[in-house]
Each structure stands twice: as structure tokens, then as C-alpha cells.
Amino acid sequence: MAEQKNDLMDKIVSLSKRRGFIFPSSEIYGGFAAVYDFGPYGVELARAIREAWWKAMVSDHDNIVGLDSAIFVHPKVWEASGHVGGFSDPLAECKACHSRVRVDHLLEEAGVQADEKMTDDDINKLFSEHKDSIACPKCGKKSFTEAKSFNLLVQSNLGNFTGDWTVAPTYLRGETCQGIYINFKNVLDSSRVKVPFGVAQIGKAFRNEITARQFIFRKREFEQMEMQYFVRPEEASATYEEWRAKRWQYYLDLGIREENLRWHEHENLVFYAKAAWDIEYKFPFGFKELEGIHNRSDYDLTQHSKCSGVDLSYRDPQSGEKFTPWIIETSVGLDRTFLAVMTEAYTEEAVGENDIRIVLKLPKKLAPVQVAVFPLLKNKPELVARARELFSLLKEDFRVEFDDNGNVGKRYRRQDEIGTPYCVTVDFDTIGAGEDKSLEGTVTVRDRDTMKQERVKVKELQGYFERNLKR
Ligand code: GAP
């Protein structure tokens, strides 16, 4: 079973490269660990995922607004948030080969349950109990140092023109939500929102992850889609449950099978958190965190009020009552969603005796190309012209690709691998030059999943796709 799963991971990595979804960064220079680039189809799929998230979190609500805060913030933000002091992973060094490994991963591989959100002290204690029986993944020796904390914030020298290393470093943001907290007052003063309301943001985050593994699951430069919902303290628990339900449904709507999702409750909460649950997805390497949903209490606004000296409390416009809102957070990685969607969609089907069709059964609304338009033959100008015309028409409303490479069979296979739900072929019947004149003005539409073909009138194509591509 494990072999089959790793096999699936290899297949997804290979397809991602071969078909232009994801490229390892800086490949011509030998690669750059835990950093990846989205290729031409990957960028379209990523955009569609962002859009689906934005629709579910912003457009479908009348009290959630968007924000796009900068990657750089005042260095004090990371002190106030607790990241400078406590945003770390436990690391141990192999005394024999000196490679450094994440202790929670060592424990996990040794079959010892370590919660990803455990405090460093807890992890260190657990590691001390087991370290003499754990082998180094590189050299196999069983001799590790004690675990030490390694801060995950990525430093920069932005604004340090003196080269003086004692100047407080600036950081690339480790999470996007801090940009929301520090703009709480700006949003409140400039828009019509009233508690309860939410602020949503999609953007890059950076972490000095120690172990680069599992493809795009754990990256050093990644993207988060986070929403912070500000509520009255007494409403926090009920609102938290509402968001848990909404986020679960969101993944079902994204085409994820329910059996591949599960809840994981954090037992060791950070001191300010009142509740923390993860939605886990069954990745090819097992169930792992996809999204975190947190009840963060009034910690963030209180901390930033204290450290900035600016009052971030809220006054109820009706009652005049003043309080510091509590925050319910939903936080998911775009990259992890991407990997979950790819894992869910990857399918191999036997065709005849000894052929296999690889098809990405992506939800139609997410497919990087929704409709591929082909001329039956590329050397017949009348067919090419008609297909180009159709391409121009359809691309106004859908993600469309014109494809005249190889024969139609090969084009179908390629489109199947990138997950294109529909292929449209313009043939001689379409232009009235075939045997069956009744087919003039119609095209063949081939369905990715059933491989069935049907004739559809060109003038009805737009409506046909509008109906079918919503899912
Ligand atoms: N603001 C809360 C926060 O950042 P987190 O659990 O550290 O919480 C939230 O991260 C989500 O961000 C995770 O559930 C995951 O989807 C994504 N994420 C975190 N680290 C990541 C990494 N190194 N690579 C890709 N995605 C990551």
C-alpha cells in the first residue's frame, strides 16, 4: 500500500513537470530546495483555486472584505506577534554525519505521535525519551544531540543601508494574517463593516522550513489564503463552529471526496488559543494538515495594541460598549490545496488490453483549460480558420486553448492529462463539406470523463458550456 501511495506521489510530480503545472525552482542551476514555480497550466489552476476561495470567503458574504497587505512590515510586528521569540521548529544534529533533522519528523518516522503544534519543551522531552533508538535518515547512526529550537522567520536586510548587523532585521512575513491585524483600524475606519465582520487575504508567506520534502506540501516560499473574523467575545465559540462547518463544505464543493478528509483537534494549544482544529487531507503520504481553523481569542489585537500604543478596541455603534474583538481564523495554503486537488483528480484508466489513459478529473470550474478547440486537420485552411473563429468566440467566456498538434487522438490524450473537460473538433461536416449536410454548423464535443462524443450546434455552444462548466 505504502509503495502504491509513493508511486502516486511520483506520478503527480512527474505529470506536474511534464505538463507544465509545477517546475522545481532554478532547475538549470541544480535546483533550490523547497521552492517551486508554477508553469503555464499550474498558474491557471492556482488562479482558479484562488478565485474559488475568494468567492466562498469574500464575494458570497456581505460582511467580509478583502485586503492585500505588504510582505514587509515593521520589525516590531513580529515581536508583538510572538514570532521572533517563539516561531520555531525543534532541530537535532546527528553526531556522526552532522546533518540536521526536524525532531518532530524523526519522531513521526519512528512511529511516535508528535503533534505538529506541540510546544518545543514537549517535543524535546519526547525526543530525549526516544532519541537513542532513532536512526539518522542520512547515515543510519543512532546518536543525536539534544533538540534545539530553530526560528523559522526568513530575515532580510531591507532598509539596512549601513550593513550594520546590530540593526534589527526585517523579515519576510511568516504568515499573512499579521497584515490583517495591523490594518484592523484602517479597515474599520474606511469601510462600512461592523462586528461581526471578516477580512480576507491571499498572499505569499515565507518560512525557513528545515526539511524540504513532500513536493509542494512544505515550501519555503508559499501562499496562504487566510480570513480573520472579528466577533464579540461571547459569540466566538458559536461562530467558530459555524466556520468549521463552512470550511468542511467548501472542500466538498471543491470536489474533494469526504472520505479523504478528516478533523484533527489540537490537544496542546498555544496559550492564547481557545480552540484549534485542522482539516486534514489524505495526501499520497497520508493524512496531513490542509487547513487550520483557530479561535485566537483577543490575543492578536491586544498584543498589537500594547506594542504599538494604538488602541485597537471596538466601540459598538448602537450600545456604545467598548471591547476587544475575538478572532476566528481560517488559514489554508494555496499550494496544499493545489496538491490536494491534483491528488484527488489524478486517475489512470485501462484502455483496451494494454493501454492506460492518464486523466486529471479536475472539477470543471478549476480546470486550467476548460475547452480545447481543434481543427480536424491542421493543413486544411478552411478547418483551421473556422476553429480559430470558434476559439476567439469561446475565449471571451471560458479558459480555452487552440490545439492543432499531432492527430486528434494524441490531442485528446494531452488534454486528458491537463484535465480539460471538453474538446471541440471542427471537421468537414461543420463547414458543410462533409457527406452529411444536416451536420453543417455543428461540431463534435468530447467529454473528458466519459470520452463520449456528441454533435452540438455552434450557436448553442456557449450555453452548453455555461451550463456544464459551473461544476
Ligand atoms: N496564521 C495561522 C497560520 O499561519 P499555520 O498552521 O502555520 O497557521 C496555516 O499555517 C496553513 O498554511 C497550513 O494549514 C498550510 O495549509 C499552510 N502552510 C503552512 N506552512 C506551509 C509550508 N511550509 N508550505 C506550504 N504551506 C504551508
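## Contacts around the ligand

One nitrogen atom of the ligand sits 3.3 Å from a polar backbone atom of F217. This is a predicted model, so every distance here is computed from predicted atoms. On the backbone of G333, an N or O atom lies 2.8 Å from a ligand oxygen atom.

How much of the ligand does the protein bury? Taken alone, the ligand exposes 560 Å², and the protein buries 94% of that area.

## Who makes up the shell?

The ligand is surrounded by 21 residues. The closest are E175, K219, E226, E289 and L290.

Sorted by class, the shell around the ligand holds 12 charged residues, five nonpolar ones and four polar ones.

## The second largest pocket

Let us turn to another place in the model. The second largest pocket contains about 540 Å³ of space. Its lining has 22 residues, and E51, A52, K55, K365 and K470 are the closest to its centre. By class, this lining has 10 charged, nine nonpolar and three polar residues.

Two helices to look for here are α2 (40-59) and α9 (236-253), each of which supplies at least two residues of the lining. The largest share comes from α2, with six residues.

## Two backbone details

Here is some background for the last two stops. Most peptide bonds are trans, and most residues other than glycine have a negative phi.

Is the peptide bond from V195 to P196 cis or trans? This bond is cis, with omega near 5°. You can find P196 in the loop that runs between α8 (184-190) and β9 (197-206).

The other detail concerns H98, which is not a glycine and yet has a positive phi of about 65°. Look for H98 in the loop between β4 (88-93) and β5 (100-102).

Notes
Residues are numbered from 1 along each chain as its sequence is written. This is a predicted model: local features need pLDDT of at least 70, side-chain atom pairs count only at pLDDT 80 or more; totals for chains, interfaces and linings use all residues. Side-chain values use heavy atoms; hydrogens and water are left out. A residue is near a molecule or strand if one of its heavy atoms lies within 4 Å of it. A polar contact is a pair of N or O atoms within 3.5 Å; within protein, one must be able to donate a hydrogen and the other to accept it, and residues adjacent in sequence count only if both atoms are side-chain atoms. Accessible areas come from the Shrake-Rupley method with a 1.4 Å probe; for residues, only the protein chains shown count as cover. Ala, Val, Leu, Ile, Met, Phe, Trp, Tyr, Cys and Pro count as nonpolar, Asp, Glu, Lys and Arg as charged, and the others, Gly among them, as polar. On a 1 Å grid over the protein atoms alone, a cavity is a set of points where a 1.4 Å probe fits but cannot get out, and a pocket is an open set with protein on both sides within 12 Å along at least five of seven lines; lining residues have an atom within 4 Å of a point. Grid points are joined across faces, edges and corners, and a volume is the space filled by probe spheres set on the points. Helices (H or I, at least four residues) and strands (E, at least two) are DSSP runs, numbered from the N terminus.
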